[in-house]
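Here is a short report to read beside the structure. Keep the model open and look up each part as it is named.

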2 protein chains.
Amino acid sequence: MTGVEIVPLPCTREFVAGDDLADYLAPAVAAAGGLRSGDIVVVTQKAVSKCEGRVVRLSAVTPSPLAQTFARAWDKDARVVELALRGARRVVRMVRGVLITQTHHGFICANSGVDRSNTGEDEAVLLPEDPDSSAQGLRLALGRRFGVLPVVIITDTFGRAWRRGQTNVAIGLAGARPFRDYRGSIDHSGRELHATVIAVADEIAAASELVMNKADGVPAALVRGYAMPPGEGKATDLVRATNEDLFL
Amino acid sequence: MTGVEIVPLPCTREFVAGDDLADYLAPAVAAAGGLRSGDIVVVTQKAVSKCEGRVVRLSAVTPSPLAQTFARAWDKDARVVELALRGARRVVRMVRGVLITQTHHGFICANSGVDRSNTGEDEAVLLPEDPDSSAQGLRLALGRRFGVLPVVIITDTFGRAWRRGQTNVAIGLAGARPFRDYRGSIDHSGRELHATVIAVADEIAAASELVMNKADGVPAALVRGYAMPPGEGKATDLVRATNEDLFL
C-alpha cells in the first residue's frame with residue numbers, strides 16, 4: 001500500500017480580479033510534473049474569490065444600525081460586520097464579539113467567511129458566490145491545459161464547535177463525491193460497520209492546509225495517491241440539513 | 001518547498017490486551033525506513049485502547065433505567081448506552097436516538113467514544129483513560145527502539161456540528177504543541193494576521209485517516225515532512241473550555 005503525498009503549489013504573483021485561476025496555477029502544477037489521473041488540486045477560497053472579483057471596497061459599504069451597534073460594542077469594523085450580515089442566510093450566534101452565521105451557501109462559519117487578511121487596506125474578500133461551480137470551472141480549465149481532469153477542492157479555514165483552533169474544510173468540490181461511505185461494509189471481525197461516513201473532502205482540505213502557509217504565497221496544493229470516491233458530488237452535500245442539526 | 005507524505009503503517013496481527021503497542025507497530029515502522037527526526041506517528045484510538053485493555057464484556061454490564069429507556073425507544077443496545085453514560089462528564093444531546101456526550105477527558109463525541117466495530121461479539125472498546133499519557137508512553141517506547149523520538153498523535157473518528165460525515169481528530173498528543181499560532185505575524189500585504197490559530201494536530205489526524213482503511217488492518221500512519229510546532233502540548237488543549245463554548 002502506497003502513501004498519500006501533499007505537494008505545495010506556490011505562486012509568487014498576487015492575484016488580481018479577472019485573473020484566470022488555471023493560468024495562475026499552471027506553472028506550479030507543471031513544476032510538480034503536471035497532472036496525473038486521480039490527482040486532487042486544492043485551492044484556497046482567497047485565490048478563487050480574488051480571481052472572481054469577490055473583493056469589496058470597505059469605503060463603499062454603509063453599515064446598518066445592527067452592524068454599527070455590534071461593532072461599537074466589540075471594537076469591530078462596522079463595514080466588515082455589515083458584509084458578514086449581508087452574506088448570511090441566518091445569524092447563528094452574535095454574542096461577545098463573535099458573529100457566527102450560516103452563509104447563503106449553507107456553511108456555518110465566523111463572519112460569513114468575510115476576510116481581510118492578505119488583501120488591500122480598504123478591501124475585504126467575500127466567499128465565492130458558488131464555490132462548487134468555481135471548482136467545476138477550474139477542473140475543466142486545468143483538464144484542457146494538462147489533458148487530465150483533476151478532482152478540485154476549494155477550501156477555507158473555519159472554526160468548530162467544541163474544539164479550539166481552526167481547520168481547513170471543503171467549501172467547493174468537483175469531480176468526486178465528498179464522502180467515503182462504509183455503511184454496510186464488513187469489519188475485521190466480520191461485523192457490519194454502522195453509520196461510518198467519512199467526510200474525506202474535509203480531510204483532504206485539512207491535509208492540504210499543512211503545506212499552505214498563511215503568510216506566504218502558497219494558495220494551492222496537489223494531493224496525490226488518494227482515490228477520491230468517484231461520482232459527482234458537491235461541497236454543499238457536506239452541509240447538514242437544518243432540521244437534522246442539533247447545534248443550530 | 002517540499003511536501004508532506006502520509007505513509008500507512010499496516011499491521012496484520014490483531015491486538016490483544018497487554019500487547020506492547022510499540023512492539024506491535026515496530027515492524028511497519030521499520031518497513032517505512034525507521035524513524036527520522038520530525039516524524040509524526042499517528043495511531044488509532046482502537047489500537048491504543050485494545051493494548052491498554054480498555055475492552056469491556058457487554059454481558060457483564062448492567063444498564064441503568066435511563067440507558068434502558070433510551071435504548072428501547074431507539075432500538076439501541078442498552079449496555080452500550082450504559083457504557084457511554086458511564087464515560088460521560090455530561091450529556092450534551094440525548095435525542096432522536098443520538099447520544100452526544102462530553103467525555104471525562106472533555107471531548108464532545110457520540111456515545112463517549114464507545115465503539116463496537118472491529119471487536120468481539122460480546123465486546124465494546126472504550127477510549128483510553130488518558131490518551132495524552134498513552135501518546136507520551138508510545139513516544140518514549142518508539143524512541144528507545146529507533147533512536148529518534150517521534151511526535152505521537154492518537155486519533156479517533158468524531159462527528160461534527162453543522163457538517164455531515166465524520167473526520168479524524170486528535171485525542172492524544174506527545175512531543176509537540178497542537179496549534180500553529182499566526183497571531184501577530186504579518187501577512188502578504190503587510191497587515192497583521194488576526195485570530196488565526198490552526199489546530200494542526202487535528203489536521204494531521206484528518207490527513208492520516210486517508211491511509212487508514214476502516215475495514216482493513218491499518219491502525220497507524222507515519223506523517224513525514226511536516227514540522228509540528230515545538231513544545232509540550234496535549235490533545236486536551238484542543239478542548240474548548242465550557243464557559244467559552246457557544247454550542248454546548
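## A helix and its neighbours

In this predicted model, the buried residues of α1(A) pack against β1 (4–9), α2 (45–51), α5 (131–146) and β12 (220–224) of chain A. Helices (H or I, at least four residues) and strands (E, at least two) are DSSP runs, numbered from the N terminus. A residue is buried if 20 or more other C-beta atoms lie within 10 Å of its own, exposed if 12 or fewer, and partly exposed in between; C-beta atoms are placed from the backbone.

Which residues of helix α1 (residues 21–31) of chain A are buried? They are A:Leu21, A:Ala22, A:Tyr24, A:Leu25, A:Ala28 and A:Val29. Seen down the axis of α1(A), these buried residues fall within an arc of 150°, so they line one face of the helix. The arc is that of the directions from the helix axis to the C-beta atoms. On the other side of α1(A), the residues A:Asp23, A:Ala30 and A:Ala31 are exposed. After α1(A) comes A:Gly33, with a positive phi near 95°.

Residues are numbered from 1 along each chain as its sequence is written, while chains are lettered from A and ligands numbered from 1 in the order in which they are written. Because the model is predicted, local features need pLDDT of at least 70 and side-chain atom pairs count only at pLDDT 80 or more, but totals for chains, interfaces and linings use all residues.

## Chain A as a whole

Chain A has six helices and twelve strands. Its radius of gyration is 19 Å, close to the 18 Å that the globule rule gives for 248 residues, so chain A is as compact as a globular protein of that length. The radius is taken over C-alpha atoms, and the globule rule is 2.2 Å times the number of residues to the power 0.38. Two residues are in contact if their C-beta atoms, placed from the backbone, lie within 7 Å.

| Property of chain A | Value |
|---|---|
| Span of the C-alpha trace along its principal axes | about 60 × 45 × 25 Å |
| Residues that count as buried, of 248 | 52% |
| Share of contacts with a separation of 6 or more that join residues 24 or more positions apart | 63% |

## A sheet in chain B

Three strands of chain B form an open sheet in the order β4-β5-β6, with antiparallel pairing. Its edge strands are β4 (88–95) and β6 (108–110) of chain B, each pairing on one side only. Two strands pair if DSSP finds at least two bridges between them. β4(B) and β5 (residues 98–103) of chain B pair over six bridges.

B:Leu99 lies in strand β5 of chain B and is the bridge partner of B:Met94. B:Leu99 is buried, with 25 other C-beta atoms within 10 Å. Leaving aside neighbours within four places in sequence, B:Leu99 is in contact with B:Val81, B:Ala84, B:Met94, B:Ala110 and B:Asn111.

## How the chains meet

A rotation of 180° with 0.0 Å of shift along its axis superposes chain A on chain B (RMSD 0.0 Å). That is the relation of a two-fold axis. Copies are superposed by least squares on the C-alpha atoms of residues with pLDDT of at least 70 in both.

In all, 56 residues of chain A are in contact with 56 residues of chain B. The largest share of chain A's side, six residues, comes from α6(A). Of the interface residues of chain A, 100% are also interface residues in chain B, so the copies meet through the same surface.
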